[in-house]
Amino acid sequence: MEKEQLTQLLREMTRNEKLGQLQQVTGDFFSDELTEATGPLSGNNLTEEDLVTVGSVLSLSGAAAAKKVQREYLAKSRLKIPLLLMADIIHGYRTIFPIPLGLAASWQPELVKETARIAAEESAVSGIHVTFSPMVDLVRDPRWGRVLESTGEDPYLNALYAKSMVEGYQGEQKTALQEYGTLAACVKHFAAYGAPEGGREYNTVNMSERELHENYLPAYKAALDAGVKLVMTSFNTVDGIPATVNKQLNREILRKDWGFDGVLISDWSAMKEVIHHGVAADERDVAQLSLEAGVDIEMMSFCYHNELNHLLEEGMLSEELLDEAVLRILTLKNELGLFENPDRFADEKKEKEVVFSTKHQEIARKAAAESIVLLENKEEILPLNKNENVLFIGSHVNSSEILGTWSWKGNPEETKTVAEILKAKQAIEQTQICEIASPFVVTETELEKALELAKHADKVVILTGETVDMSGEASSRSDIRLPKAQRELVSRLRAVNPRIVLVLFNGRPLALEEVSRDVQGLVEAWFPGTGGAEAIVNILYGKAMPQGKITMSFPRNVGQVPLYYNHFNTGRPIDHNNLENKYVSKYLDVENTPLYPFGYGLSYTTFAYKDLQVEKTVNNKILCKVTVENTGKRAGTEIVQWYVRDKMGQVVRPLQELKGFDRVFLEKGRAQTIQHEFDLSELAYVHTNLTRSWDTGEFVFMVGGNSEAVLAVNLTI
Ligand code: GLC
């Protein structure tokens, strides 16, 4: 439909039809297909007549169901304005990929883009038009359960992943949404939802506007620059104002400064919750504040429905504000081609071919293998040898609960477990499987059997971690260690057999200092998704090489949190030549450093870095070169990380900032010179006047295989 036709359609709409477009409800308002509630349910007074004008639905899918709902809806729609169908496709639709914090550890934006493209295709043929993804909230606190959905603590990397996911979902910008198998993407949660005080879910966010601009906003902006069609508001306050009604955020930054003219949707009942925040007295206030702040769609609360008409009738709000919001929603429906084809790509036949296809499962296995991070490999206990007598034991050894939260259509019944994979791989004869029923209890009988088996095994592989509902939304934890029963099991097994490998399934960085001492091998598998079990077995037996690197610091203990690599020096930094000095920034009872730093991950081989050279080129670039050598016994992939420190600034500057990375595969004994060129603009930072620019002065350029092990060279620019 041409733009003029849209404005003509808007002119023909009644007030009620306009208000209906602003309302989103769950699919079960329209279908007996039970849809999963992903937030608190509250009463509503929607009538059958209201449902005829509702503009969008969330959490309904399936080609047949979607087509049926659309058909029945349009039959009653006076102006034939199609419904929008939205859903949380966070790390796959039915083929489930590793959780985003795991995918991020692959350091492969192209791979992440491919997983988003697959998720979009499976969703689109199943009738979905919009995904509430990517979640790009920067995180520094593993107590918060939703770190699982983020890509970690670095603004540069988060921005890269934001771009890759938007392009994976929507296709390339120029033809976005016309291509088969695309979805409109919705970047969330705007803004800074990842910084709740105490890591406690839905808690207050407090930070300076400069910090917001420096670290928290870049990834949302990257999603916008990639053409994202929707933005979702967050539950938290920003500078004392709930994000959903925050005009500085939504009108000034998002729409005016960044030029976003897409759809702004509230998070689930986030509008009504402005009353709990104490910034609106009632739904009437909420409706006024939200429309003035530019919120177009209200998800699963009903302030607009209940109050907007009164406010418009009384002249408290202008019809133009309402028309703006409605036109943005109609424009999105038009870009999706829904007016011409309300079913879009929904197709039962295609659904059977494409969803959970063998090809998609293969990518899921690859993504899982390249997201897994090897944290310890003492005495090279890994890889296992297929002739070794290995005991596989634990709460997750035969668990199909490895998809993680937000794996909506992912089906544990069709998810292979590690035990099933081991049994299927006849080549591995000498394995024994010992299931522990629960991560929270090890019974006497289980322990007795475990100790007996461990005594006679060459090696013991313990598979355990969190249950799926211990991370994700509404899953903050104040104690981020493994469950006590697991820590005790590790310690008891170590007493009879020290040759232990611990494989972890979890959605957040755990505090692992205690168990890391008790084991020789430590593997972070995250919630690895559909292909996770096979990926883990392949990594353990060396059929696949561990190459993942964490993008969020793992603390020694929760008392260190928030903990992140790009921190400041402080006025009293530790003097490593005088560790006795009391009056410096440190703890009495733990080191400042994380147990495993940002960018850390081992391989089955080793890499050496030498000859770092840095120079300013004639065309005002910074050219860095380093030689990386594979000094181990096996081929392997290294993620070469480039960091910069600006030694002097108008505001304090971090000791390190990731500015680039290169993946390199090297056969054993081979070396390669890697070079990376930076533009001076990449040295920019947010000054006190909130503008981004770079200063001349002294810089340190660093390179290494993680944020702690780096070569460094100074350069004055
Ligand atoms: C939830 C989440 C949000 C999700 C939405 C719809 O509360 O905060 O990320 O997209 O509701 O399920």
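The structure is a predicted model, and the values reported below were computed from its atoms.

The ligand sits in the largest cavity, where 14 residues surround it, the closest being Thr38, Asp88, Arg146, His189 and Asp267. When this shell is divided by residue class, 7 of its members are nonpolar and 5 are charged, while 2 are polar.

In the case of Thr38, a side-chain N or O atom is 2.4 Å from an oxygen atom of the ligand, and for Asp267 the corresponding separation from a ligand oxygen is 2.6 Å. Glu473 also takes part, with a polar side-chain atom that lies 3.1 Å from an oxygen atom of the ligand. The ligand taken alone exposes 310 Å², and the protein buries 100% of that area.

With regard to the cysteines, the structure holds 0 disulfides. Cys303 is in no disulfide, and the nearest cysteine sulfur, which belongs to Cys186, is 19 Å away, whereas a disulfide would require the two sulfur atoms to be within 2.5 Å. Cys303 counts as buried because its relative accessibility is 0%, a residue being classed as buried when this value is under 20%. Cys434, with a relative accessible area of 2%, is likewise buried.

Methods:
Residues are numbered from 1 along each chain as its sequence is written. This is a predicted model: local features need pLDDT of at least 70, side-chain atom pairs count only at pLDDT 80 or more; totals for chains, interfaces and linings use all residues. Side-chain values use heavy atoms; hydrogens and water are left out. A residue is near a molecule or strand if one of its heavy atoms lies within 4 Å of it. A polar contact is a pair of N or O atoms within 3.5 Å; within protein, one must be able to donate a hydrogen and the other to accept it, and residues adjacent in sequence count only if both atoms are side-chain atoms. Accessible areas come from the Shrake-Rupley method with a 1.4 Å probe; for residues, only the protein chains shown count as cover. On a 1 Å grid over the protein atoms alone, a cavity is a set of points where a 1.4 Å probe fits but cannot get out, and a pocket is an open set with protein on both sides within 12 Å along at least five of seven lines; lining residues have an atom within 4 Å of a point. A molecule sits in a cavity or pocket if more than half of its atoms lie within 2 Å of its grid points. Ala, Val, Leu, Ile, Met, Phe, Trp, Tyr, Cys and Pro count as nonpolar, Asp, Glu, Lys and Arg as charged, and the others, Gly among them, as polar. Buried means under 20% relative accessible area, exposed over 50%, partly exposed in between (1.4 Å probe, protein chains only).
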